[in-house]
Amino acid sequence: MDSQQFREFGKAAVDYIADYFDNIKDRPVLPSVKPGYLEDLLPDEAPEHGESWQDVMQDVDQIIMPGITHWHSPNFHAYYPTAHSFPAVVGEMMSAGFGCIGLSWVASPAYTELEVVMMNWLGKLLNLPEEFLNCSEGVGGGVIQGSASEVTFIALLAAKEKMVKDLLEANSPLTEGEIKAKLVAYSSDQSNSSVEKSGLLGSMPMSLLKADKDGKLRGDTLQKAFQEDKAKGLIPCYVVANLGTTPTCAFDDLTELGEVCNKENVWLHVDAAYAGTAFICPEYQHYMKGVELAESFNFNPHKWMLVNFDCSAMWVKNAKYLVEAFNVERIYLKDKHKGLAPEYRHWQISLGRRFRALKLWFVLRIYGVEGLRKHVRDQISLAKYFEEFVVKDERFELCTSSMGLVCFRLKGDDHLTEKLLHVVSERRNIFVIAGHFNGKECIRFAICSRLTQREDVEYAWKEFLAATEQIVSSKAK
Ligand code: PLP
């Protein structure tokens, strides 16, 4: 393909995406294809001879689009949002267009330097303590990773190396292998599946401690778990606190957990994957109180901050712990500028790096802080609007409402809420998923798409009402 064909293909693709967004509301939010549908529509082998981009685009429309779930439909209310904006899409396109691999400063200086500046912009927006920023005097800094899962795992590995080093330096009678075998990690039973997975990947048992009735992990619960494990000869090493849990968007108290961790020299990591975006609004920054006691902090601009997947922001107070844990040098990686800029390959799992900072820069510049704060506030007020419908109808029970997530249920036995979810899912007009709150079944209703308006929230509520009527009338028969 030459550059002229690329111009035509690229422009046709941009038009296709723009049309898709203009009409996304008219599409059923969920596809109706069955597992294996695509296999029957594609040839068994790759084509021997190249085909035209027009044929490829036609197949995108006819066989790929029917199998797409419309995450950005205003009727998508499942999980948490995944971010999307046109500036970020263009950022992705340009990053692919440059096609570099930022494995060191010289491998593409703009990659590293824009990332450093973006992580400082973002850290300042969140009002993170100075010591987490690259622009501070200290050894802290920010980096963009691919996902919150990666960040939780990387922080666990760094915590492990730090604990081993600290104990050996304090003349522990144990060998490195013996110390590693005794390390334990902790989080709450409300934490994301990726937190438990980080323990599995990092060979460190992850204790999921019981959260309180509001979904928060309490300091005394953590302290007790430390004491019990220490009595068994184990070594507490790593704690993941949640700011915005996946089930109900609950917030742990960082001061309580941080004080316990600091007393015991245990690494505290903060997972604010979804809710962290709200901290760009000063009125939500109180949730971060105590963050100065943490060793690392993470949130996903790719969830709620209009930056397309993948873009997960991680800050550490002391980057030395990452670099020491992951530093492997080779002659072909040598760069005479060493020490003048972060060598981000030592802060992550892979060697190669994408230019993720570009799309973040585009979004921050084109929306501006004001535009991003408006996005967050509008989405929270839409959730409040939905909450009012729930509260006003006495057949329903509000379980929790936090940020852009409302959890609710039909009063009575769990099977009623299960039935409601089943009927709503069968109607296929909106997409929601099940949750649990204090041992009861509930429905999680999240404001996800940046296109969702008040009329879409009204539409969703009418869906719940229609489904409820259906359940009531089928019971009466
Ligand atoms: N942490 C929380 C609180 C989440 O809600 C999620 C995903 O929804 C994750 C972590 C995992 O995020 P990622 O897909 O970036 O690994």
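The dialogue below takes up the domains, their interface and the aromatic pairs.

Q: Which domains does the assignment give for the protein chain?
A: This is a predicted model, in which local features need pLDDT of at least 70 and side-chain atom pairs count only at pLDDT 80 or more, while totals for chains, interfaces and linings use all residues. Residues are numbered from 1 along each chain as its sequence is written, and side-chain values use heavy atoms, without hydrogens and water. The assignment, automatic or from a database, gives domain 1 (3-83) and domain 2 (100-354). Their centres, taken over C-alpha atoms, are 36 Å apart.

Q: How much area do domain 1 and domain 2 bury between them?
A: Interface size is often given as the accessible area lost when the parts come together. Here the buried area (1.4 Å probe, summed over both parts) is about 620 Å², with 61% of it on carbon and sulfur atoms. On the side of domain 1, Tyr80, Pro81 and Ala83 lose the most area to domain 2, together 92% of what that side buries.

Q: How many residues of domain 1 are in contact with domain 2?
A: With contact meaning heavy atoms within 4.5 Å, four residues of domain 1 meet 14 residues of domain 2.

Q: What describes the aromatic pair of Trp461 and Phe464?
A: An aromatic ring pair is described by the distance of the centres and the angle of the planes. Rings of Phe, Tyr and Trp (its six-membered ring) pair if their centres lie within 6.5 Å; planes under 30 degrees apart are stacked, over 60 edge-to-face, and the rest tilted. The whole structure holds 30 aromatic pairs. Trp461 and Phe464 form a tilted one, at 6.4 Å centre to centre and 50° between the planes.

Definitions and conventions: Buried area = accessible area lost by both parts, 1.4 Å probe.
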